[in-house]
Amino acid sequence: MAEDTTEPSRAAKNYWSESGYAPGGVIREVDYASASTGLHPLLEGIKIVDCDTHFTEPPDLFTSRAPARLKNKVPYQKIVNGVTRWHVGEDDFGIVGGNVIKPDHNKLLGRLSFPKLEDGHPGAYQVKPRLKAMDEMGVYAQICYQNSGVTQAGSLMQLGDEVGFAVLQMYNDAAAERQEESGQRLFTLAHLPIWNKKALEAEAIRCIDMGIKGFVLPDMPETLGVPSFDDPYWAPFLELCNEKKTPINFHLNAAIDPNKMTWKSFSFEKAVSVASNMFYIGNLATMGNWMVSGLLDTYPNLRIGLIESGMGWIPFGLEALEHQFDEMLADPAHAPERRPWDYFRDNFWVTFWFEKIGPMKLLETIGIDKVLFETDFPHPTALYPGVQDHIVETLGGYSHEVRKRVLERNAVELYNLPF
């Protein structure tokens, strides 16, 4: 069964090795009791939208919803050798995702997660503790992504069409219910049965009708045996997103294998320190693929989020694409209708979190209406607990109007949020 959280699952096998969930690591202790919480005075009047967080699938998400005939066929959580993992029957179906924030707010360093789900912050998988954590961080709303690979197509395809589709619908139903339970503050993006064209289109419509604010897609579906995005297979779905202005999102680039770029002698900690950056920069390929494909000319209103990959590389990436358009796409028969900077300004959004140079020096170059803020809570790279301090440091030099645009309005407009 699937072992990894990325898609396709085998591409980053070493990155998600068992070492990431083993005991150990270093606890970074913070004086949380004396730390300021809530919204910084400089940010008053701004409803900060955190555009990349992870909500762990609760232990009974599938077993509590499955019809009787599927009860023994859907994923459930089981502790094996001291580590909480998903199982289907007796088969190991992968880890439950990253959570390195302790209930006492201290952070685990050097690991991808605590071994057991309950060792981490309850806000990773429960709505009320999550809202409390958001209030303490001064965050009003969050765009949430999955925290394991159990609901991604590469995993679900192993379960067969009926069970795989049922699990996916349970996940999307829970996302809509969580959105309502949170008072329209937690917006979990939908997954789709991309292996079945008819079901893909029907589920996309159902999710939009339920009020879900966007979709998460693999950057290279052909690695899963599904046609590439420029195949007619995808045309009805892309037309739907183009018409409804519902964003599609590429969370990192998981199609690459960053382990081939790290030295074999490295420890887990050293390898991850290098490999993780390749996932970020990999979204340059995702962006380039869409720009040269011609799809953005066919679907000019398509909205694409490049999530958890930062913003600082954007100017270089676009300059490089501009150069390649001149050098390699000079023949009108191969040239797209627009230029890379034009496509970016019309069709793409990016996020930042730990960066300082990007938001402080490149914001106006990239475009104040193209940048979103994120924390990546509760993952290892999470900007936590000093969320407000970091925002003030990076955006404090701009006008209140610019801060509100980056921290609130860009996300509200991209994801059609109800505030």
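How do α4 and α5 lie relative to each other? They are roughly parallel to each other, and the legends below begin with that pair. This is a predicted model, in which local features need pLDDT of at least 70 and side-chain atom pairs count only at pLDDT 80 or more, while totals for chains, interfaces and linings use all residues. Residues are numbered from 1 along each chain as its sequence is written, and side-chain values use heavy atoms, with hydrogens and water left out.

**Figure 1. Helix α4 packs against helix α5.** Here α4 (residues 197-210) and α5 (residues 235-244) meet at an angle of about 15°, and their axes are 9 Å apart. Helices are DSSP runs of H or I with at least four residues, strands are runs of E with at least two, and both are numbered from the N terminus. Axes are lines fitted to C-alpha atoms, for helices over the stretch in contact, and angles run from 0 to 180 degrees between N-to-C directions. Angles under 35 degrees count as roughly parallel, over 145 as roughly antiparallel, 65 to 115 as roughly perpendicular and the rest as oblique. Lys197, Leu200, Glu201, Ala204, Ile205 and Ile208 of α4 make the contact with Pro236, Phe237, Leu240 and Lys244 of α5, where contact means heavy atoms within 4.5 Å. By class, the residues of this contact divide into seven nonpolar, no polar and three charged. For these classes, Ala, Val, Leu, Ile, Met, Phe, Trp, Tyr, Cys and Pro count as nonpolar, Asp, Glu, Lys and Arg as charged, and the others, Gly among them, as polar.

**Figure 2. Helix α4 also packs against helix α3.** The angle between α3 (residues 161-181) and α4 is about 15°, with the axes 10 Å apart, and the two are therefore roughly parallel to each other. Their crossing is right-handed. From α3, look for Phe165, Leu168, Gln169, Asn172, Asp173 and Ala176, which meet Ala199, Glu203, Arg206, Cys207 and Met210 in α4. The contact of α3 with α4 has six nonpolar, two polar and three charged residues.

**Figure 3. Helices α6 and α8 pack at an angle of about 40°.** Helix α6 spans residues 268-293, helix α8 spans residues 314-328, and their axes are 11 Å apart. That angle makes α6 oblique to α8. The crossing of α6 and α8 is right-handed. Leu284, Met287, Gly288, Met291 and Val292 of α6 come together with Ile314, Gly317, Leu318, Leu321 and Phe325 of α8. This contact has eight nonpolar, two polar and no charged residues.

**Figure 4. His54 is buried in the model.** This histidine sits in strand β2 (residues 49-54) and has a relative accessible area of 2%. Buried means under 20% relative accessible area, exposed over 50%, and partly exposed in between (1.4 Å probe, protein chains only). Its side chain makes polar contacts with the side chains of Glu308 (3.4 Å) and Asp376 (3.1 Å). A polar contact is a pair of N or O atoms within 3.5 Å; within protein, one must be able to donate a hydrogen and the other to accept it, and residues adjacent in sequence count only if both atoms are side-chain atoms. Leaving aside neighbours within four places in sequence, the residues in contact with His54 include Gln146, His251, Phe377 and Pro378.

**Figure 5. Gln146 is buried as well, with a relative accessible area of 7%.** Find Gln146 in the loop between β7 (141-145) and α2 (153-156). The side chain of Gln146 makes a polar contact with the side chain of His191 (2.9 Å). Beyond four places in sequence, contacts of Gln146 include His54, Glu57, Tyr171 and Val216.

Figure 6. Most residues other than glycine have a negative phi, and most peptide bonds are trans. Phe377 and Pro378 are joined by a cis peptide bond with omega about 0°, and the bond from Tyr384 to Pro385 is cis with omega near 5°. Pro378 lies in the loop between β13 (371-373) and α12 (387-395), and Pro385 is found in the loop between β13 and α12. Asn81 has a positive phi of about 55° although it is not a glycine; Asn81 is exposed, with a relative accessible area of 78%. Lys245 also has a positive phi of about 55°, and at 37% relative accessibility Lys245 counts as partly exposed.

Definitions and conventions:
Left-handed = near helix turned anticlockwise from the far one by under 90°.
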